[in-house]
Amino acid sequence: MSFESLGLAPALLRALADNEYAVPTPIQAQAIPLVLSGHDVLGGAQTGTGKTAAFALPVLNRLSKETPPAGPRKPRALVLVPTRELAVQVADSFKTYGRHLRLNVTTLFGGVGMQPQIEQLRRGVDVLVACPGRLIDHLDRGSVKLDGVEVLVLDEADRMLDMGFLPAIKRIVNRVPKQRQTLLFSATFEPRIKALALEFLKDPREVQVAAQNTVAQTIAHRAHPVDGAAKRDLLVEILARRHTEQVLVFGKTKHGCNRLAEQLEKAGLPALAIHGNKSQAARQKALNEFKSGKTRILVATDVAARGLDIPDLPLVINHDLPMVAEDYVHRIGRTGRNGATGEAISLVSPDEANLLRQIQKLLGRDITMEVVPGFEPSRAIRNDAKPFDSGPRAPRPSRNRRPHGKPRAPEAHAHAGPKQPRDGQRGGRQGGMRRDARPV
Ligand code: AMP
């Protein structure tokens, strides 16, 4: 299977070649022909599967074939996404794949001024990638018109529902012409997603690439029982031993993530925090530095990390277990992709024992428990087993200055009952990060 055989326009094939995409990923191979032939599509796929290109390529293909109506260009494709970061990533994908086409791609999300967005809208837009809340603000002000939309994409629809965007989505869809093509992507096909599809899609074709709640088999899971108060020291211990690896650390709260990054920094382990209280610029900067490998440690909340396209990582550490077992799957879906080996380490305090049990139940397997000498918890957690294998200590990296974004806008939306299982499938991209899968 090749991109050529899918029937994409030469300008898109050139952009794919520039990007060194050799073959379509499974979701692309399934979805692209259906979208090109004009069907509504219900796609089951999560970040990491290549789902963005699965809709961006055929949407761009369609837009490239039609001459836009005369006058100021109103959006012809509208992509709704749950978070600002995803908006930026999706828009970047449209720009990358559409680089040989003359199409304007614009993002709308909260936490930044309205005026620059209003001016961009005035200049004309072909593809609009928007978070529902900010798009509603623009609709209310009359700064955007959706009556020219031909293709509507709901990306990470399950997340948008989790975040309470359903009323906003309904209002937005009401402003889009009924005669349109609609694509809905979601990690799961749970009943509420089916209901959404029934309401917004016409005779949709279903494509799905990921089994629910599965994780890559190549990931080693390990949990270290430890008292909550000693977690930070244990984290420092682990990170100091494995200083060559790119690590994503998950914390529970925005404040906790900030503090953790500061404390790691003090321990000589430069780290950046990413969460919704940071300004958009600070979040993007932290993400870019992490993606480029300039910063080794990124501390994130679930909400901030959602949908981020972080290349394959060798190690994910849960400083705190997620409140919902499904988020464990989501978090560690950032490692072990594409057949690579990965590791997921969780620091588990006695009061998180129940969360650990739920995660094990969801995974359908036990997570190895290893007590680290010197960090024995005051109360035993079921399964406490092997002692910590203390390998040679790596030298600690020198202190670096950490760019620090001042807290600003609050986390966009509360996070309730998320479900985004991932199985790490995707096409042949090479992980951009250094890998050094040395055991602790
Ligand atoms: P997504 O699931 O859309 O977030 O995509 C995950 C990553 O896979 C992105 O960094 C894409 O650039 C990359 N990607 C998407 N399609 C392909 C492909 N056919 N070949 C190689 N890499 C791809």
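Residue N354 lies in helix α15, which spans residues 353-363; helices (H or I, at least four residues) and strands (E, at least two) are DSSP runs numbered from the N terminus. N354 is partly exposed, with a relative accessible area of 43%, where buried denotes under 20% relative accessible area, exposed over 50% and partly exposed the range in between (1.4 Å probe, protein chains only). Its C-alpha lies 9.6 Å from that of I381, a residue 27 positions away in sequence. The model is a predicted one, in which local features require pLDDT of at least 70 and side-chain atom pairs count only at pLDDT 80 or more, whereas totals for chains, interfaces and linings use all residues. Residues are numbered from 1 along each chain as its sequence is written, and side-chain values use heavy atoms, with hydrogens and water left out.

Helix α14 (residues 325-332) contains V329. V329 counts as buried because its relative accessibility is 0%. The C-alpha atoms of V329 and L363 are 8.0 Å apart, with a sequence separation of 34 residues.

H221 is located in strand β8, residues 219-225, and counts as buried at 9% relative accessibility. Its side chain takes part in polar contacts, a term that denotes a pair of N or O atoms within 3.5 Å; within protein, one atom must be able to donate a hydrogen and the other to accept it, and residues adjacent in sequence count only if both atoms are side-chain atoms. Another, of 2.6 Å, links the side chain of H221 to that of R365.

The ligand is surrounded by 16 residues, of which Y21, Q28, G48, G50 and T52 are the closest; a residue is assigned to this shell if one of its heavy atoms lies within 4 Å of the molecule. By class, the shell comprises four nonpolar, eight polar and four charged residues. In this classification Ala, Val, Leu, Ile, Met, Phe, Trp, Tyr, Cys and Pro are nonpolar, Asp, Glu, Lys and Arg are charged, and the others, Gly among them, are polar. Domain 1 (4-208) and domain 2 (213-416 + 426-440) each supply at least three residues to the shell, the domain bounds being taken from an automatic or database domain assignment.

A polar side-chain atom of Y21 is 2.3 Å from a ligand oxygen atom, and an N or O atom in the side chain of Q28 is 2.7 Å from a ligand nitrogen atom. From the backbone, an N or O atom of K51 lies 3.3 Å from an oxygen atom of the ligand.

E156 is situated in the loop between β5 and α7 (157-162) and is buried, at 2% relative accessibility. Although not a glycine, E156 has a positive phi of about 50 degrees. A positive phi, near 60 degrees, is likewise found at E20, which belongs to the loop between α1 and α2 and is exposed, with a relative accessible area of 69%. Most residues other than glycine have a negative phi.

The largest nonpolar core contains 46 residues, and F55, L57, F94, V129 and L183 have the most contacts inside it. Such a core is a set of buried Ala, Val, Leu, Ile, Met, Phe, Trp, Tyr and Cys residues joined through side-chain atoms within 4.5 Å. Among the elements giving two or more residues to this core are helices α1 (10-18), α2 (26-36) and α4 (84-97), together with strands β2 (77-80), β4 (127-130), β5 (151-154) and β6 (181-186). Helix α3 gives the most, with eight residues. The core residue L183 lies 7.5 Å from G43, C-alpha to C-alpha, across a sequence separation of 140 residues. G43 is part of strand β1 (residues 41-44) and is buried, with a relative accessible area of 0%.
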